[in-house]
Amino acid sequence: MLEQIKSNINGRRLKDAFMGLVLWRERHVSEKTFVIVLALIVGIAAGFAALLLKWLIHLISGALLAGLPVSHGNYLFLLYPVIGLILTTIYVKYIVRDNISHGVTRVLHSISQNKSRLKRHNIYSSIFASSMTIGFGGSVGAEGPIVYTGAAIGSNLGQLFRMSPRILMIMVGCGAAAGIAGIFKAPIAGMLFTLEVLMIDLTTVSVMPLLIASITSATIAYIFTGYDVEFFFVQSEPFVTARIPYVIILGIFCGLVSLYFTRVINMMENFFGRFKNPAVKVVIGGAILATLIFLFPPLYGEGYKSITDLLGGDTASIVNSSIFYPDRDNVWFIIAILAAIVLLKGFATSATNGGGGVGGTFAPSLYVGCIAGFFFAYSFNYIFGLDLSIKNFALMGMAAVMAAVMHAPLMGIFLTAELTGGYDLFLPLLIVSTISYGTIKLFEPYSIYTMRLAQRGELLTHHKDKAVLTLLKMDNVIETDCISVSPEMNLKQMVDTIAQAKRNIFPVVDKDNILLGVVVLDEIRNIMFRPDLYKKMFVRKFMSMPPARIILGDSMANVMKTFDRTGAWNLPVVDAEGHYIGFVSKSKIFNSYRRVLRHYTEE
């Protein structure tokens, strides 16, 4: 008992000391300066988190695949992925007890709907979950989880020092950028990810913290893993301008491949969404994933070895690991295997996540892009007798599919260049990424991460008006000071109610609080002072229908569209069953809008 009391006293002293530090900082260190310090800390923490995640994945996969022959297929590939999904599901359900899948989408949701606040367990939970998923063969990437982890580090560090929501948003961006920079050794791509995918504005306040966090994290990676690029690539064949028409065709092709990949992911996500029982998801997802990996072993894990081999112009890791046994030098066999992997990778990725695994779509999109580019050049060379560089086109395919799937052309260009050192191909990378991005934009206005949030009106964008409307919450603008009246009340009772009211509009509800109409003071002013009508006129006779009703939960963008369409200044809010909740006034929205806009754009 005495020890517990001492522990509590020490805990209170520690909290008091920390609060003293926070107060000292607020008095003596400017916010801009302190944000730089926090960005440095976030970069260091996210860099080490990325190292830990990569080490765990390699530790698990290395132990499982050590000495495992894959040249003739192996039935362990039917077992490993299922074990990984089971272990991940148990960990998430019974230890984490929270949904941590779709990390990037959840970061976007926290920015737009939760004032950039992420839970503490997100700092570590995705690391262990994704290492189990990917280490045991899950066909996903580690980049989504490390973005979630980095963003959680930034968010919780900012919350610890009581930073404002505007600064928390920057800290989340710093953590996400540092995560990408650390796991890929790509500081520029990390910063561009924050700008293009998380859609955080590049301002005088945000640019320096984002740079510092990205560079610091990448430096940590370089110090502990060496200065080699992630994927070894040597441009043995120079790019010539005569190849530009084929680069344009490749851009269109990769845009369509990206559209297919995105649609498959969404289709399978909807399919798995029908099942509520985690065990059923594990069984179905595990069966699909294990079967695909058994038939096509290159689908095992992140697939980085296959990318490295293809960038070296070698198809051995893909063709020789197949369980199909025609002549391995048969060109049509190689083309068929490459095409099958491009078509099936989306199913393997979505089966992993749908089956309870935790992983991202960065690595799958790079993988699909590399194989798509290689397939394109290899097929064109054989069919049309060309001499396109299959290595160069594999590299361009990576940038093109990444740019289209993520709707982030700049990130796709710089990430590919930083991953491989292929800066000599910068012009074709620019061309192919731009065309691929433009192609998918014709069919999909939002990226694989943002489309669900956009459909619910919860997506923060670079468009200031839309961003501010996203940050506004319906609960903050509903007014409940209007006095409700009954349709059976007579005019005398209505006049007495008006005498007590502060508003000039009155909702008319029945005994179950269902909204039947409204009474507007200006509309009954001509009969209010006629005592002869006090007992004869009833509310049901002079009430009117509102021009529209706002459903509780509507996005503020839809609410403003309703105001614009009706020209009204006040509209009633009801729930899905029609029960009266309150009123929303245009003036209240405008006041809240101005307040949020000033806060959101403050430099």
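The model on screen is predicted.

**Stop 1: Arg243 and Asp387**

Select Arg243 and Asp387. Their side chains meet in a salt bridge, 2.4 Å from N to O. Now look at where each partner sits. Arg243 is in the loop between helix 9 (207-225) and helix 10 (244-273). Asp387 is in the loop between helix 15 and helix 16 (390-406). The pair links distant parts of the chain, 144 residues apart. Asp387 is exposed, with a relative accessible area of 53%. A search of the whole structure finds 13 salt bridges in total.

**Stop 2: Glu444 and Arg263**

Go next to Glu444. Its salt-bridge partner is Arg263, and the closest N and O atoms are 2.7 Å apart. Colour the pair by accessibility. Glu444 counts as buried at 11%, whereas Arg263 counts as partly exposed at 41%.

**Stop 3: helix 12**

Select residues 304-311, which make up helix 12. Both Asp309 and Lys305 lie in it, four residues apart, about one turn of the helix. Their side chains form a salt bridge, 3.0 Å from N to O. Is Asp309 buried or exposed? Asp309 is buried, at 17% relative accessible area. Lys305 counts as exposed, at 58%.

**Stop 4: the largest nonpolar core**

In soluble globular proteins, nonpolar side chains tend to be buried together. The largest nonpolar core here has 138 residues. Which of its members touch the most others? They are Phe184, Phe193, Phe362 and Met411. Helix 15 (residues 362-384) supplies the largest share of this core, 14 residues.

Return to Phe184 and show its contacts, leaving aside neighbours within four places in sequence. Phe184 touches Tyr304, Phe362, Leu366, Leu415 and Leu419, and also Glu143 and Glu230.

**Stop 5: Ala417**

Select Ala417 in helix 17 (residues 409-420). Ala417 counts as buried, at 0% relative accessibility. Not counting residues up to four places away in sequence, Ala417 touches Gly422, Tyr423 and Leu429. The C-alpha atoms of Ala417 and Ala186 are separated by 8.9 Å, although the two residues are 231 residues apart along the chain.

**Stop 6**

Most residues other than glycine have a negative phi. Two residues to check against that are Arg162 and Asn513.

Arg162 has a positive phi of about 55 degrees. Find Arg162 in the loop between helix 6 (143-160) and helix 7 (165-184). Arg162 is partly exposed, with a relative accessible area of 42%.

Asn513 has a phi near 65 degrees. Look for Asn513 in the loop between strand 2 (505-509) and strand 3 (515-520). At 30% relative accessibility, Asn513 also counts as partly exposed.

**Stop 7: Asp575**

End at Asp575, in the loop between strand 5 (570-574) and strand 6 (580-585). Asp575 is buried, yet has no salt bridge. How far away is the nearest side chain of opposite charge? That side chain is Arg549, 8.8 Å away. A salt bridge needs a nitrogen and a carboxyl oxygen within 4 Å.

What does the side chain of Asp575 reach? The backbone nitrogen of Glu577 is at 3.0 Å. The backbone nitrogen of His579 lies 2.8 Å from a polar atom of the Asp575 side chain. Turn on the remaining neighbours. Leaving aside those within four places in sequence, Asp575 is in contact with Ile551, Leu552 and Ile581.

Conventions: Residues numbered from 1 in each chain as written. Predicted model: local features only at pLDDT ≥ 70, side-chain atom pairs only at ≥ 80, totals over all residues. Heavy atoms only, no water. Core = buried A, V, L, I, M, F, W, Y, C linked by side-chain atoms within 4.5 Å. Buried < 20%, exposed > 50% of the residue type's maximum accessible area, 1.4 Å probe, protein only. Helix = DSSP H or I, 4+ residues; strand = E, 2+ residues; numbered from the N terminus. Contact = heavy atoms within 4.5 Å. Lys, Arg positive; Asp, Glu negative; His and termini not counted. Polar contact = N/O pair within 3.5 Å; in protein donor to acceptor, adjacent residues only side chain to side chain.
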